[in-house]
Amino acid sequence: MLELQKLCFEDLKTGMSEELVKHVSSSDVVGFAEVSGDRNPIHLSEHFAARTPFKTRIAHGLYTASLISAVLGTRLPGPGAIYLSQTLNFKAPVKIGDDVKVIVTVEELMERGNRARLSCICSVEDTVVLEGEALVKVPSRGEDRSGL
């Protein structure tokens, strides 16, 4: 689990980045299915998945995307950041047992509204599995973040 890092808008610089590596377990995928309600058997049934082009179970695409949210909410920019939008381009499947590396990088800072545009790349080994862009509102130093 990522340790919380509190960054204010004034602390951010273009080019800053944070990274997370998450091992995808079967219990993660089953838990995500329970929470999301997406019980597509390609995620849950090895027998079903064996007859698909992937030949094995794959993680939900939004499970992989949720790892981006983990970085945004805990490290860059961290607690108090508010998601405004996210684009997602799925490039390849994530399989049970894969280690997903998530890299979030500050691409642009917009003083009006304290907004940051961040690139988001998820990869397994050398293969990009998901890429996109997030737009977040970042608290300034003067804003209360409930003691964080």
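In this predicted model, helix H1 (residues 26-36) buries Val29, Phe32 and Ala33. Buried means under 20% relative accessible area, exposed over 50%, and partly exposed in between (1.4 Å probe, protein chains only). Helices (H or I, at least four residues) and strands (E, at least two) are DSSP runs, numbered from the N terminus. The buried residues of H1 pack against helix H2 (41-44) and H4, where contact means heavy atoms within 4.5 Å.

Five strands form an open antiparallel sheet, ordered S1-S3-S4-S5-S2. Pairing requires at least two DSSP bridges between two strands. Strands S1 (17-23) and S2 (82-90) stand at the edges, each with a single partner strand, so one side of each is left without a neighbour in the sheet. Strand S4 (residues 115-124) and strand S5 (residues 127-137) pair in the antiparallel sense over ten bridges. Arg115 has Lys137 as its bridge partner in S5.

Residues are numbered from 1 along each chain as its sequence is written. Local features need pLDDT of at least 70, side-chain atom pairs count only at pLDDT 80 or more, totals for chains, interfaces and linings use all residues, and side-chain values use heavy atoms, with hydrogens and water left out.
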